[in-house]
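Please look over the sequence and the structure below before reading on. The report then goes through a few of its features in turn.

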Amino acid sequence: MKLLRYGPVGNERPGALDAQGCMRDLSLLVPDFTPEWMAPQKLAALAAVDLQRMPLVPDGVRLGAPVAGIRQFVAIGLNYRLHAQEAGLEIPGEPVVFSKAITCISGPDDDVLLPPGSVATDWEVELGFVMGRTCSNVSEAEALGFVAGYCLANDVSERDWQMKRNGQWIKGKSYPGFGPIGPWLVTADEIPDPQNIPLELKVNGVVRQSSSTADMIFPVAHIVSYLSRFMTLLPGDLVITGTPAGVGLGMKPPQFLKAGDVMQLSAGVLGTQTQRVV
Ligand code: ZN
């Protein structure tokens, strides 16, 4: 299933894509895709719904992030060798973990606001996943069973705030709008292998990042198991898994986003995003 949320900011309604790729409204059945709806039993109940009988969502509506009420937003850094190299940082011996503020989460095609005074706002196409069940100290072998689904994400980053302002990366990763998620959450039953998803990002039509999740240093199963040793992951928690090479920071000279730029992201079955920078 491809679960989505549509409508104005703060008033999104739940929906899903039908077999023809049309959006269907599910608000008669589901109040919203809050964390408890990520549970395997709830997703199984939704999978049994005949989408053809549900109302069509009008074309042209705004999409929101596909999950509501996310409580933790965790990110993995430097999970692709060439990206670690371009950032001038060492290839990590174990996952680099940081968080993004949940208040940066936005819809897949929402405008990205440059923070006032920002001169180093950058792009990062990534695979994201959402937890379906509470997860603590799980093995790599059982880890993927805790994942509800997968989504496309842009880990928008202010490099000066990330690298030059002391302390944690969270400062450069959390401005409102720095977390476009979606268009859909593709449930895990449709993604038997999360390590085979193409990732691409263009800025103003020029391909800047082109890779595959096959190139990750630490695959999703490892990330889930690893995180679960340090923290309890909750249903609905969102994890993004690192970006491949080709960010603005790695260009010579570095090139960052400016007002009027357009970012286009794609990730195979996970869909596409388009954001205008304002
Ligand atoms: Zn990232």
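## A buried lysine and its partner

Lys-173 is buried, with a relative accessible area of 1%; buried means under 20% relative accessible area, exposed over 50% and partly exposed in between, with a 1.4 Å probe and protein chains only. This is a predicted model, in which local features need pLDDT of at least 70 and side-chain atom pairs count only at pLDDT 80 or more, while totals for chains, interfaces and linings use all residues. Residues are numbered from 1 along each chain as its sequence is written, and side-chain values use heavy atoms, with hydrogens and water left out.

The side chain of Lys-173 meets that of Asp-155 in a salt bridge, at 3.0 Å from N to O. A salt bridge here is a side-chain nitrogen of Lys or Arg within 4 Å of a carboxyl oxygen of Asp or Glu. Lys-173 belongs to helix H5 (residues 170–173) and Asp-155 to the loop between strand E10 (147–154) and strand E11 (157–158), so the pair ties together parts 18 residues apart in sequence. Helices (H or I, at least four residues) and strands (E, at least two) are DSSP runs, numbered from the N terminus. Asp-155 is also buried, with a relative accessible area of 0%.

## The zinc site

Which residues supply the protein donors of the zinc ion? They are Glu-124 (OE), Glu-126 (OE) and Asp-155 (OD), at 1.9 to 2.1 Å from the ion. Donors are N, O and S atoms within 2.8 Å of the metal (3.2 Å for Na, K and Ca); water is not among the atoms, so sites may look incomplete. Along the sequence, the spacing of the donor residues is E-x1-E-x28-D. Both Glu-124 and Glu-126 are buried.

## Salt bridges

Side chains of opposite charge can pair when their charged atoms come close. In the whole structure, a search finds 15 salt bridges. A network of them links Lys-100, Asp-122, Glu-124, Asp-155, Arg-159 and Lys-173.

Another salt bridge joins Arg-24 to Asp-18, with the closest N and O atoms 2.9 Å apart. Arg-24 is buried at 10% relative accessible area, and Asp-18 is buried at 6%. Lys-2 and Glu-190 also form a salt bridge, at 3.9 Å from N to O. This pair links distant parts of the chain, with Lys-2 in strand E1 and Glu-190 in the loop between E13 and E14, 188 residues apart. Lys-2 is partly exposed at 21% relative accessibility, and Glu-190 is partly exposed at 37%.

## Strand E1 and its neighbours

Four of the five residues of strand E1 (residues 2–6) are buried, so the strand is largely enclosed by the rest of the structure. Two strands pair if DSSP finds at least two bridges between them. E1 runs antiparallel to strand E2 (residues 13–17), joined by four bridges, and Arg-5 has Pro-14 as its bridge partner in E2. The hairpin of E1 and E2 has six residues between the strands, and Gly-7 there takes a positive phi near 120 degrees.

E1 also pairs in the antiparallel sense with strand E4 (residues 63–64) over two bridges, where Gly-64 is the bridge partner of Arg-5. Two further bridges join E1 to strand E13 (residues 185–187), again antiparallel, and Lys-2 stands opposite Val-186 in E13.

## A four-stranded sheet

An open sheet of four strands has the order E15-E14-E17-E18 and antiparallel pairing. Its edge strands, E15 (206–212) and E18 (272–276), each pair on one side only. Strands E14 (residues 198–203) and E17 (residues 262–266) pair over four bridges, and Leu-201 has Leu-265 as its bridge partner in E17.
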